[in-house]
Amino acid sequence: MTSIDGGCLCGCVNYSSHMAPLTTAVCHCTDCQKQSGSAFSINLLLPAEGFVVAGETLASYEKPGGSGHPVRRFFCNACGSALYSEIAAMPGVLAIKAGTLSDAAQVQPGMHLWCASALPWVTPDRDLPCFEQSPTA
Ligand SMILES: [Zn+2]
Ligand SMILES: [Zn+2]
């Protein structure tokens, strides 16, 4: 994958980047469970440099993540799609919600984070690195 693009459910917010993602982290933290309404979020870790986002309905919400550092989560306030996050513990890197990519089928998980709070029926792929918390915590 050498470039990415995607957007929200209603199409009001779109993003793109010509930078290649660093890896993909499946996050089982309770904040990602809340925000996604699902068991985990799939985060493409992408250099912030070159990331372009547009749409008047782009909104954000910030609270400390599990590591204690602020996490600002960006979403569309028209349709509610979670789009990406800025994580203070990882300056210069954005976490793009992989389900919002135009072609999410290209994404292969590279690691699992916050496995300590994975739902009981979720079995992370043990062939991948599985961190009980975050490697940056
Ligand atoms: Zn939307
Ligand atoms: Zn998370």
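As the model is predicted, local features require pLDDT of at least 70 and side-chain atom pairs count only at pLDDT 80 or more, whereas totals for chains, interfaces and linings use all residues; side-chain values use heavy atoms, with hydrogens and water left out. Residues are numbered from 1 along each chain as its sequence is written, and chains are lettered from A and ligands numbered from 1 in the order in which they are written.

An unreviewed UniProt entry places the feature "domain: CENP-V/GFA" at residues 4–122; UniProt positions are given in the numbering used here, feature names are shortened, and annotations may be inferred rather than shown by experiment. This span is 6% helix and 43% strand, and its end C-alpha atoms lie 28 Å apart. Secondary-structure elements are DSSP runs numbered from the N terminus, with helices (H or I) of at least four residues and strands (E) of at least two.

Seven strands make up an open sheet of mixed pairing, in the order E6-E7-E8-E9-E4-E3-E10, where two strands pair if DSSP finds at least two bridges between them. Strand E6 (58–64) and strand E10 (111–113) are the edge strands, each pairing on one side only. On average, and with direction ignored, neighbouring strands of this sheet are turned by 30° against each other; the axes are lines fitted to C-alpha atoms (for helices over the stretch in contact), and angles run from 0 to 180 degrees between N-to-C directions.

Strand E3 (residues 23–27) is largely enclosed by the rest of the structure, because four of its five residues are buried; buried denotes under 20% relative accessible area, exposed over 50%, and partly exposed the range in between (1.4 Å probe, protein chains only).

E3 and E10 run parallel and are joined by three bridges, Cys-27 having Leu-113 in E10 as its bridge partner. Trp-114 lies in the segment after E10 and is buried, with a relative accessible area of 15%. The phi of Trp-114 is near 55°, a positive value in a residue other than glycine. Most residues other than glycine have a negative phi.

A three-strand open sheet is arranged in the order E1-E2-E5 with antiparallel pairing. E1 and strand E5 (52–54) each have a single partner strand, so one side of each is left without a neighbour in the sheet. Neighbouring strands of this sheet are turned by 10° against each other on average, direction ignored. Three bridges join E2 to E5, and Asn-14 has Ala-54 in E5 as its bridge partner. Ser-16, found in strand E2 (residues 14–17), is partly exposed at a relative accessible area of 30%. Leaving aside residues up to four places away in sequence, Ser-16 touches Ile-4, Asp-5, Gly-50, Phe-51 and Val-52, contact being defined as heavy atoms within 4.5 Å. The C-alpha atoms of Ser-16 and Ser-3 are separated by 7.6 Å, at 13 residues apart along the chain.

The zinc ion (ligand 1) has Cys-8 (SG), Cys-10 (SG), Cys-76 (SG) and Cys-79 (SG) as protein donors, lying 2.3 to 2.4 Å from it. Donors are N, O and S atoms within 2.8 Å of the metal (3.2 Å for Na, K and Ca); water is not among the atoms, so sites may look incomplete. The arrangement is tetrahedral because the four donor atoms subtend angles of 106 to 113°, the criterion for four donors being that all angles lie between 85 and 135 degrees. The donor residues of the zinc ion (ligand 1) are spaced C-x1-C-x65-C-x2-C in sequence. Cys-8 lies in the loop between strand E1 (4–7) and E2, and Cys-79 in the loop between strand E7 (70–76) and strand E8 (82–87), so the pair ties together parts that are 71 residues apart in sequence. Cys-8 counts as buried at 10% relative accessibility, whereas Cys-79 is partly exposed at 26% relative accessible area.

Methods: Tetrahedral: all angles 85-135°; square planar, octahedral: opposite > 155°, others 65-115°.
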